[in-house]
Amino acid sequence: MTELLKYMRRDAKRRLYAARIFLIIWFALDLIVFALPQTACRWITFHAQFLIALFNTLFVLAGFGFLFYPAFILGASWFMPRRTMEQLTGVSTRKQIVSGLLLNIPSALLLFLQSQIGSALMQKFARNGMSYFHLTFSEETSLLSSCFNLTVYIPCLYLFFYLAIGKPGGKFPAFLLAYIFSSGITLLSQAFLPASLAPAADLVTALLKIVLTVALVLGAAWIAEKRGY
């Protein structure tokens, strides 16, 4: 456990260092837009549309980060020079993957929080029914379910396919496969669910995803160790 915590601390520092520019930009932008008086926002709306486009784009990046960052960061070190250093830490591949998944949760929640802050701040520029970036979820999907899918389940699928493909250029094919597989599993689990379990369809699907997540972590670790990644 101590070994895992030490590895997580190092990994967390790397993530913070890699994201430092975006974090500084978002923090500064939040403060600037929050401090702008409504008269200044109105002036910008009519006379400096390029600023609104810039603000909105920067806030949108947080939303895209929430959707895609947890998966891509989990596989970021594989097939890179940094991977050699990670292999020398003595921490097992399974623990390294678990560390990445645990760090995904606070990372994604911070991105989600920033996206919501950005959505609220952009309302200061809304006019005549025009609104800007806003991140929402469908009524059928809870925030908890979405967070689990985006921070744990889909990243595990992505990493498994990425390591199975076995090359740096496999990032986007792996991500596409992860989403196709995720959607397919959800549809199949509900389509073939016995009628007696229909009322508990969401719970059964959640349990199936948890079991698959464990299997994917073990499978990804096995591929990495077998091939020497």
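This is a predicted model: local features need pLDDT of at least 70, side-chain atom pairs count only at pLDDT 80 or more; totals for chains, interfaces and linings use all residues.
1. **Fold.** Start with the secondary structure. The chain has 9 helices and 0 strands. Read along the sequence, the pattern is α-α-α-α-α-α-α-α-α.

2. **Burial and surface.** The chain has 229 residues, and 40% of them count as buried. Its accessible surface is about 13,000 Å². Carbon and sulfur atoms account for 73% of that surface.

3. **Contacts along the sequence.** Take the contacts with a separation of 6 or more. Of these, 77% join residues 24 or more positions apart.

4. **Main core.** The largest nonpolar core holds 26 residues. The residues with the most contacts inside this core are W78, I97, L101, Y158, L159 and L163. At least two residues each come from α4 (49-74), α6 (93-122), α7 (143-165), α8 (171-191) and α9 (201-227). The largest share comes from α7, with 10 residues.

5. **W78.** This residue deserves a look in the viewer. Leaving aside residues up to four places away in sequence, W78 touches R83, T93, I97, L159, Y162, L163, A224 and Y229.

6. Another core, of 13 residues, lies apart from the largest one. Its members include V33, A48, L58 and F59.

Terms used:
Residues are numbered from 1 along each chain as its sequence is written. Side-chain values use heavy atoms; hydrogens and water are left out. A nonpolar core is a set of buried Ala, Val, Leu, Ile, Met, Phe, Trp, Tyr and Cys residues joined through side-chain atoms within 4.5 Å. Buried means under 20% relative accessible area, exposed over 50%, partly exposed in between (1.4 Å probe, protein chains only). Helices (H or I, at least four residues) and strands (E, at least two) are DSSP runs, numbered from the N terminus. Contact means heavy atoms within 4.5 Å. Accessible areas come from the Shrake-Rupley method with a 1.4 Å probe; for residues, only the protein chains shown count as cover.
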